Amino acid sequence: MIGGSESGKERIEAIDVDNKSVTFNFFEGDVLKVYKTFKSTLQVTNMDDGCLIKVTLAYEKQHEDTSPPTMYLDFVANVCKDIEAYLLKAQDKAAEDSVS
């Protein structure tokens, strides 16, 4: 994925409203050429001055010498930035609505 693009399909495996988390299970695509299984979990935690987004990657290697999926960290960072922008926009809208 470094400098390139990949494709894949995932399904939502679990949604935990109380813990504000969602788990995706990849069932098709380039990532499964390297890993037998690949899941990602995103969890949002409210903080006094914003929120914290925790991303967990769970995977099983196809081969013992396969590297960890660190090549996806830039993608994960971009997803977190998109989530942050969405949450900030929603927060701004809620503040505007409360003034009206």
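1. Let's start with a charge and a ring. Arg11 sits over the face of Phe27, 4.0 Å from the ring centre. Keep in mind that this is a predicted model, so treat that distance, like the other values here, as computed from the prediction.

2. Next, the aromatics. Searching the whole structure turns up 4 aromatic pairs. One of them joins Tyr35 and Tyr59 in an edge-to-face arrangement, with 5.3 Å centre to centre and 65 degrees between the planes. The edge-to-face label applies because the planes are over 60 degrees apart.

3. Where do Tyr35 and Tyr59 lie in the chain? Tyr35 is in strand β3 (residues 35–47) and Tyr59 is in strand β4 (residues 50–61). They are 24 residues apart, so this pair links distant parts of the chain.

4. Finally, have a look at Ser21, which lies in strand β2 (residues 21–29). Ser21 has a relative accessible area of 16% and is buried, because the cut-off for that label is under 20%. If you leave aside neighbours within four places in sequence, Ser21 is in contact with Ala14, Ile15 and Asp16, and also with Thr41, Leu42 and Gln43.

Technical notes
Residues numbered from 1 in each chain as written. Predicted model: local features only at pLDDT ≥ 70, side-chain atom pairs only at ≥ 80, totals over all residues. Heavy atoms only, no water. Phe/Tyr/Trp six-rings, centres within 6.5 Å; stacked < 30°, edge-to-face > 60°. Helix = DSSP H or I, 4+ residues; strand = E, 2+ residues; numbered from the N terminus. Lys NZ or Arg CZ within 6 Å of the ring centre and 35° of its normal. Buried < 20%, exposed > 50% of the residue type's maximum accessible area, 1.4 Å probe, protein only. Contact = heavy atoms within 4.5 Å.
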